[in-house]
Amino acid sequence: MHRSLIFFTVLLLSLCVLPVASGERIIVEPIPGLPEDFIRGADISTLAWIEECGGKYYDRDGREQDLFTILKDSGVNWIRLRLWHNPVNPSNVVVDRKVLSKRGDPIGGGNNNLKRTVSMAKRAKDAGFKLLLDIHYSDFWADPENQRKPLAWARLSGKELEKAVYEYTLETLRTMKKEGCFPDMVQIGNELNGGMLWPDGKTWTDGTEEIGGFEGFTNLLKQGVRAVRRAQPWGAKTKVMIHLANGGDNGLYRWVFDEITAAKVDYDVIGLSFYPYWHGSMDALTANLRDLVSRYGKEVCVVETAYGFTEEDGDAQGNRFQIYSDEKYGYLPTVQGQATEVRDVMAAVHEGGGEKGLGVFYWEPAWILVEGAGWRTGEGNNWENQAMFDYDGRALPSLEVFKRVYDRQKPEIKPVSFETPKALVVVGSEPVLPSGVKIIYSDDSLEATPVEWDDHDFSKETKERTFMLDGRTAGGFPVKMEVTMSRKVNLVDDPSWESGKLGQWKLDGNGKYCFVENNKSNAYSGTWTYKYWWSDPFKSTLSRTFTGIPDGTYTLSLYAMGGGGENTIELFAENYGGPRVFTEVVNTGWKNWKQYTVSGIEVRGGKCTIGIHIDANGGNWGNFDDVEFYLEPN
């Protein structure tokens, strides 16, 4: 009796996908009924530091211009600026035993102290933009994983900390009022999934620390709001925003805002971060926005989104961008794909938020490649491929999406290509073919579409070979699938972790260092891999034991890539009735995938353990994909 086995992975068809040239126009589908005052914003918090480091901006025609002029001409109408308390290094920053920057040096990432933020706010107001002030209440990045108190507040807690939040917020806004750049909207904190100013305002715990919980969190929020209400201009009501990340996670938003509502915090706007490669589908974002408006009656605004115009890294720092491609949708990493992602987020806010959908801010579209203006002092920029300017500072056509959404004429968006499914079919089995394929459209979006494959008699496939199987979508678009007939039966189900789980694998090590990652940019096939990275040295072993398997000669293999520099990485087999055998994995760079194989594993007794052992130095990273463990055919 044959086992019917088939394994699918999805790879992009080899296309010549080029960025839109500077003189060409992007395709933008208009958004019917979009209000003229819909927020089409840009967070440009690194601007002043980029300019101090020598950065310059150019319009589409290559003429040097002030960034605010370029943004206004492109349809941007709001500016968002972050504020840090005292952004200097509290101690030397050491990575891989190298001092990147010293104690007392500017911390990097824009060095957004009050003076620098006010200077940009004044320029924004003078240029006719409205302003959102994003107060982090930290000396450096505040996000779901980091909500550190400013060093100056490190010993404050309780009422003293609440007083510091109030006085700092009040003094900040009074300074901005005096300078003629009072914000139109104020964020109390940034990406507050787990609260703020930890541990006093932390809302979750692993049981080993004392936290303030939601009471501590909401008390701090109230002090920030109270300061805004006191400082706001006479007769006006400045909008107050509370901001979370993970914009597609409705459960998170209900958990946090139910508590905020119960505590009677005075606020006006729910802010969301939504990066599709991290935070879910457009459908999930739209549904969450719709629920938030219905449940809380507040206005909603996506205050952070971005997408890459290329996969290429401009400075060898590595980038945070990941290609977005879920089961139904996706975008190519092109200038056109970037524009389409922004357009679709705007449409989601308009549809999901209705009259209370305020708009969208693009996060750091002007963070161009300039030496010294990195993620932190001593490091490069890991966001440059998500800017809306090229690596020379020239505006990309995608920047025009902010005005093109009001175009009167709807362009024809048609299928142009497809992602090619790959099927591995065991000789002698009858496969279940995939019911759909991802179609690539002329706006560089992707969408899963039903397909009907040509008839093929797999019972006549008696030899190992590879061939192309034709098919057509429901709309008549021709597609192909690459079918490989093989006698190998891979015993590893979910060989590239596409379930998003380790499954039957056992990890002996820290899950913070070794984990499954959903990042198409770092995958050999599909979108998921087994990933390792940490700033400090570590060791780990990922293993899986098979029992009740036929005795015989087995082969183990996988694909690996990474930065290199580890003490050792071993792909091994043991407990099979013979001595431990392994092959050493040597990584040589990003996307330099290589297959590693351990062959001749003579299993006796129906049992074998396979695994990956890592002995890494600080800063080492890498990915593993497509594990195979199979009995050699007779």
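User: Buried means under 20% relative accessible area, and exposed means over 50%. In this predicted model, is F458 buried or exposed, and at what relative accessible area?

Analyst: F458 has its place in the loop between β17 and β18 (465–473). Its value falls under the 20% cut-off, so F458 counts as buried. The relative accessible area of F458 is 4%.

User: Which residues is F458 in contact with, leaving aside its neighbours within four places in sequence?

Analyst: F458 is a loop residue, placed between β17 and β18, and it is buried. V425, 33 residues away in sequence, has its C-alpha 9.3 Å from that of F458. With neighbours within four places in sequence set aside, the contacts of F458 are S429, E430, P431, L433, F467, V483 and M485.

User: Which backbone oxygen does the side chain of T449 reach?

Analyst: T449 is in strand β17, residues 445–453. At a relative accessible area of 15%, T449 falls under the 20% cut-off and is therefore buried. Residues touching T449, not counting those up to four places away in sequence, are S435, G436, V437, I439, Y441 and T473. The side chain also reaches, at 3.3 Å, the backbone oxygen of E447.

User: Where is D206 found, is it buried or exposed, and what is its relative accessible area?

Analyst: D206 is in the loop that runs between β9 (201–202) and α5 (213–231). Its C-alpha is separated by 38 Å from that of G354, which is 148 residues away along the chain. The accessible area of D206 is over the 50% cut-off, so D206 is exposed, and the relative value is 58%.

User: How many aromatic pairs are there, and what kind of pair do F214 and F217 form?

Analyst: The count comes to 45 aromatic pairs. One of them joins F214 and F217, with 6.3 Å from centre to centre and 55 degrees between the planes. An angle between the 30 and 60 degree cut-offs is neither stacked nor edge-to-face, so the pair of F214 and F217 is tilted.

User: Why are F214 and F217 separated by about one helical turn, and what are their relative accessible areas?

Analyst: F214 and F217 both belong to helix α5 and are 3 residues apart, which means a separation of about one helical turn. Both residues are buried. The relative accessible area is 13% for F214 and, for F217, 0%.

User: What is the geometry of the pair formed by Y307 and F321, and how many residues apart in sequence are the parts it ties together?

Analyst: The ring centres of Y307 and F321 are 4.9 Å apart and the planes are at 85 degrees, which makes the pair edge-to-face. Y307 and F321 both lie in the loop between β12 (299–304) and β13 (329–331). Y307 is buried at 0%, and F321 is buried too, at 4% relative accessibility. The parts tied together by this pair are apart in sequence by 14 residues.

User: Which strands does β24 pair with, and in what sense?

Analyst: Strand β27 (residues 589–603) is joined to β24 by 9 bridges, with G552 opposite V603. Strand β29 (residues 621–631) is joined to β24 by 8 bridges, and there Y559 has D625 as its bridge partner. The partners are β27 and β29, and the sense in each case is antiparallel.

User: How many helices and strands does the protein chain have, and what is its radius of gyration?

Analyst: The protein chain has 10 helices and 29 strands. For 634 residues the globule rule gives 26 Å, and the chain is close to that, so it is as compact as a globular protein of that length. The radius of gyration is 27 Å.

User: What share of the residues in the protein chain is buried, and what share of its contacts joins residues at least 24 apart?

Analyst: Along its principal axes the C-alpha trace spans about 85 × 60 × 50 Å. Of the 634 residues, 56% are buried. Among contacts between residues at least 6 apart in sequence, the share joining residues at least 24 apart is 76%.

Conventions. Residues are numbered from 1 along each chain as its sequence is written. This is a predicted model: local features need pLDDT of at least 70, side-chain atom pairs count only at pLDDT 80 or more; totals for chains, interfaces and linings use all residues. Side-chain values use heavy atoms; hydrogens and water are left out. Helices (H or I, at least four residues) and strands (E, at least two) are DSSP runs, numbered from the N terminus. Buried means under 20% relative accessible area, exposed over 50%, partly exposed in between (1.4 Å probe, protein chains only). Two strands pair if DSSP finds at least two bridges between them. Rings of Phe, Tyr and Trp (its six-membered ring) pair if their centres lie within 6.5 Å; planes under 30 degrees apart count as stacked, over 60 as edge-to-face and the rest as tilted. A polar contact is a pair of N or O atoms within 3.5 Å; within protein, one must be able to donate a hydrogen and the other to accept it, and residues adjacent in sequence count only if both atoms are side-chain atoms. Contact means heavy atoms within 4.5 Å. The radius of gyration is taken over C-alpha atoms; the globule rule is 2.2 Å times the number of residues to the power 0.38.
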